[in-house]
Amino acid sequence: MSKTVFENSISLDGYVAGPNDNPENGMGDGGMRLFEWYQAGDVDMPLPGTDMAFKVSQASADFMQAEWANLGVMVVGRRTFDIAHGWGGYPPGGGRCFVVTHTVPPEWVNDDSPFTFVTDGIESAVRQAKQVADGKAVSITSANIAQQCLSAGLLDELILNVSPTLLGAGVRLFDHLGSAPFELEQLAVVEGIGVTHLKYRVIY
Ligand SMILES: NC(=O)c1ccc[n+]([C@@H]2O[C@H](COP(=O)([O-])OP(=O)(O)OC[C@H]3O[C@@H](n4cnc5c(N)ncnc54)[C@H](OP(=O)(O)O)[C@@H]3O)[C@@H](O)[C@H]2O)c1
């Protein structure tokens, strides 16, 4: 059975985006600092499913490429989908993308769309994603969805790309943790340039 993995870049004080994040201000005020490590090295790191490539340290490339290679489909919240403008129809990872939402945007519903809009909650989204993941991991890509998965016992692993930045405000990753505390087993610590990669398994 596929596992679920949350992976995001995060500030040292726990934010995945700055304040005032919206479709015109993608990562919020100051939030793009979280992605500076994407251009901090000299090793090519292609983002699967897109024509984007980052320039990172060898350590980051080795770690992230191994992780990304194991990610299949994605589950994400509607805010991230809207802020990313649906990635122009090409979600990162190149697989199917399940968007958890209260309302379905009709303009994105057609036979060629990579998106499935799930209106009956995260358990349903994760179940549907696992059904088409073909044994690969399901990528949980937004904070709000990760929080709900954690509380529901549906999140297996966390990968945090920690930026040496204090945003001070914005979208907090570790918020609304209904059934906290959670025990985590540390699986990896990788020092890159401008980033420290941390990987944990959630122990339920
Ligand atoms: N740092 C990084 O690596 C990284 C990566 C990805 C994204 N981001 C950023 O991180 C931020 C994530 O925002 P977020 O965590 O607040 O929001 P989110 O998870 O992207 O979306 C939350 C929204 O999803 C819908 N939703 C969530 N749970 C639902 C449920 N159970 N049933 C129905 N609908 C549900 C609701 O929207 P509706 O009510 O409108 O349907 C809700 O407002 C964004 O700024 C994004 O750009 C950062």
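1. Throughout this note, buried means under 20% relative accessible area, exposed means over 50%, and partly exposed covers what falls in between, with a 1.4 Å probe and protein chains only. By that scale Arg201 is partly exposed, with a relative accessible area of 35%, and Glu185, at 31% relative accessibility, counts as partly exposed as well.

2. The model is predicted, so that local features need pLDDT of at least 70 and side-chain atom pairs count only at pLDDT 80 or more, whereas totals for chains, interfaces and linings use all residues. Residues are numbered from 1 along each chain as its sequence is written, and side-chain values use heavy atoms, with hydrogens and water left out.

3. On the ligand site, 23 residues surround the ligand, and the closest are Asp21, Thr80, Thr101, His102 and Ser142; a residue is counted as near when one of its heavy atoms lies within 4 Å of the molecule. The shell divides into 9 nonpolar, 11 polar and 3 charged residues, where Ala, Val, Leu, Ile, Met, Phe, Trp, Tyr, Cys and Pro count as nonpolar, Asp, Glu, Lys and Arg as charged, and the others, Gly among them, as polar. At least two residues of this shell come from each of strand E1 (4–11), strand E2 (15–17), helix H2 (78–83) and helix H4 (143–151); the helices (H or I, at least four residues) and strands (E, at least two) are DSSP runs, numbered from the N terminus.

4. An oxygen atom of the ligand is 2.6 Å from an N or O atom in the side chain of Thr101, while a nitrogen atom of the ligand is 2.7 Å from a polar backbone atom of Ser9. For Ala143, a backbone N or O atom lies 3.4 Å from an oxygen atom of the ligand. Taken alone, the ligand exposes 950 Å², of which the protein buries 82%; these accessible areas come from the Shrake-Rupley method with a 1.4 Å probe, and for residues only the protein chains shown count as cover.

5. A search of the whole structure finds 7 salt bridges, each defined as a side-chain nitrogen of Lys or Arg within 4 Å of a carboxyl oxygen of Asp or Glu. In one of them the side chains of Glu157 and Lys3 meet at 3.1 Å, N to O, and this pair links distant parts of the chain, with Glu157 in strand E9 (residues 157–163) and Lys3 in the segment before E1, 154 residues apart. Glu157 is buried, with a relative accessible area of 7%, whereas Lys3 is partly exposed at 28%.

6. Glu157 also forms a salt bridge with Lys199, the closest N and O atoms being 3.8 Å apart. Here again distant parts of the chain are linked, since Glu157 lies in strand E9 and Lys199 in strand E12 (residues 196–203), 42 residues apart. Lys199 is buried, with a relative accessible area of 12%.

7. The side chains of Arg201 and Glu185 meet in another salt bridge, at 2.8 Å, N to O. Arg201 lies in strand E12 and Glu185 in strand E11 (residues 183–191), so the pair ties together parts that are 16 residues apart in sequence. Salt bridges that share partners join Lys3, Glu67, Glu157 and Lys199 into one network.

8. Are the cysteines Cys97 and Cys149 buried or exposed? Cys97 is buried, with a relative accessible area of 0%, and Cys149 is buried, also with a value of 0%. The search of the whole structure finds 0 disulfides, a disulfide being a pair of cysteine sulfur atoms within 2.5 Å. The sulfur of Cys149 is 13 Å from the closest cysteine sulfur, in Cys97, which is too far for a bond.

9. Two further pairs illustrate contacts across the sequence. Val126, in helix H3 (residues 122–132), counts as buried at 3% relative accessibility; Val126 and Ser2 are 124 residues apart in sequence and 9.9 Å apart in space, C-alpha to C-alpha.

Notes:
Polar contact = N/O pair within 3.5 Å; in protein donor to acceptor, adjacent residues only side chain to side chain.
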